[in-house]
Amino acid sequence: MLAAALVLRLLTLHASLWMDEAGSLERASAGSWWTVMSGDIHPPLYFLLLRAGLHLTHSFAALRLMSLAFGGAALAAFLWHFRASPAAAFATVALLGTLPELVRHDRELRPYALLLLFLAASTLVALARAAQGGSARLSVLLAALLAGAAATHALTAFFMAALAPFLVACAPGRGIAARLRSLLPMAPAAAVLAWARISLLAPQDVPGGWWIPRATAARAAAAISDVGGVPDLRQLCIAASRHVPGGSVATAAVLAASAAGLLAIATRAAARPGAARWLLAAAAAYVCLVVGYSFVDISILIARSFIPVPLFGAAAVGCALASEKDARIRRAACACAAVMAAALGAADVRAAVPGKGTLRDLAQFVSAGHRDGDLLLLFRSTETALKPYWPGVADAGIVPVGEDRPAAAVLASIRPRLGRAARVVIVYREDYYSAAYAGDLRRILAGLSVSGFPMHEAWQGVDMRVLEGARGPGAARP
């Protein structure tokens with residue numbers, strides 16, 4: 001099962017980067033590295049490792065192998081922890097190894113595969129520590145893992161808050177002092193998070209405004225659904241209906257029954273005292289913390305904010321099967337996990353089919369058509385997106401448009417050049433970020449139209465658009 005999970009992660013190793021991966025490369029390769037990192041919201045550990053990797057290779061596929069190694073190590077940790085129970089080992093690796101959200105992160109130049117490794121290992125070490133009555137050696141290891149997670153991503157704060165009740169419940173001894181000592185492994189991570197909060201950029205201070213839309217119940221449900229692979233399974237059901245009459249309903253019924261079977265096994269174990277109960281409670285607590293924070297402070301309701309939830313859930317299923325004495329129930333659980341893994345794996349394979357409209361396609365389109373004298377307007381961070389596949393983009397006479405260069409300033413700066421320009425090209429993102437500059441885009445388009453450059457869409461890709469405009473016949477030169 002581990003080998004199959006690794007194969008799924010290798011399928012798109014050579015695929016085009018996407019916007020956030022290009023941003024990771026930009027941060028890791030910056031000359032004034034710490035200046036760039038201190039202006040970011042993410043802790044620096046992953047980007048430091050990526051920077052070290054860039055000294056060895058500039059192959060994007062080779063650099064992605066680092067994330068694949070982190071993801072593979074997390075799966076191997078589950079396999080090792082539950083090695084005494086083949087059913088538990090199979091079920092946990094089958095589920096985590098095929099969940100599309102986790103597979104995607106394990107093949108990207110982003111910090112989430114490293115974060116998942118730290119959090120998965122922390123969860124399993126916490127389980128082993130509880131079983132051994134608070135081993136000092138495991139306490140030190142847990143402290144190191146949580147500190148590593150905190151140096152990778154701020155989501156560690158929610159993870160620790162969700163894990164804390166489990167650590168307290170499993171504390172050796174019943175006094176208040178013993179329960180407080182059980183939380184000591186979290187102290188180094190708390191210090192790292194405090195340092196990051198002081199030294200790094202806060203989400204509220206992101207230039208141009210925070211990019212995730214405000215929290216709503218529908219958005220929270222969608223994010224949780226995404227991390228659970230529900231949209232991917234829905235697409236699989238739709239595909240089944242195209243090949244087999246009634247295939248969509250039959251596929252959905254089998255998947256629902258399998259998911260319900262796994263949930264029943266986990267909740268059956270949760271009805272008894274033990275780790276499974278606390279792990280399911282930790283999963284629920286994590287969801288409540290992230291959703292509550294999003295409503296009270298600033299929204300982080302996207303799928304990757306919930307990636308610790310499958311770790312808690314899979315660990316709960318593993319604990320339930322490890323303590324299950326009925327062989328029939330263990331076999332049924334393995335069958336349910338196999339069905340879910342087959343469906344999720346099929347969804348991963350479907351998603352791995354090369355598509356059009358990638359960053360590589362965008363860079364090839366814009367660079368191939370670029371001529372001296374063209375005005376190239378790049379909206380917020382699109383220069384970063386083009387750079388991996390068009391290293392000379394900075395020398396192409398670009399005009400950046402962003403929070404520090406609003407529409408009025410851009411129009412004033414390009415007006416003298418419009419008289420000599422034969423063509424204007426605009427590249428912009430069409431995703432969550434669009435709302436931050438939609439007004440500037442409309443004003444620039446209106447200004448160009450008045451100056452004799454009516455714009456039209458020339459290229460459309462995944463979250464990216466290119467507009468082109470040539471001087472209209474008889475248009476007066478500005």
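I began with surface. The chain has an accessible surface of about 20700 Å², and carbon and sulfur atoms hold 65% of that area. The areas come from the Shrake-Rupley method with a 1.4 Å probe, and for residues only the protein chains shown count as cover.

I noted the basis too. This is a predicted model, where local features need pLDDT of at least 70 and side-chain atom pairs pLDDT 80 or more, while totals for chains, interfaces and linings use all residues. Residues are numbered from 1 along each chain as its sequence is written, and side-chain values use heavy atoms, without hydrogens or water.

Next I checked burial. I found 51% of the 478 residues buried (under 20% relative accessible area; exposed is over 50%, partly exposed in between).

I then looked up the fold. I counted 22 helices and 5 strands (DSSP runs: H or I of at least four residues, E of at least two, numbered from the N terminus). The radius of gyration is 25 Å, close to the 23 Å of the globule rule for 478 residues, so the chain is as compact as a globular protein of that length. The radius is taken over C-alpha atoms, and the rule is 2.2 Å times the number of residues to the power 0.38. Along the principal axes, the C-alpha atoms fill a box of roughly 85 × 60 × 45 Å.

Last, I picked Arg137. Arg137 sits in helix H9 (residues 136–150). Its relative accessibility is 61%, so Arg137 counts as exposed. I read 22 Å between the C-alpha atoms of Arg137 and Ala161, which lie 24 residues apart along the chain.

Definitions and conventions
Buried < 20%, exposed > 50% of the residue type's maximum accessible area, 1.4 Å probe, protein only.
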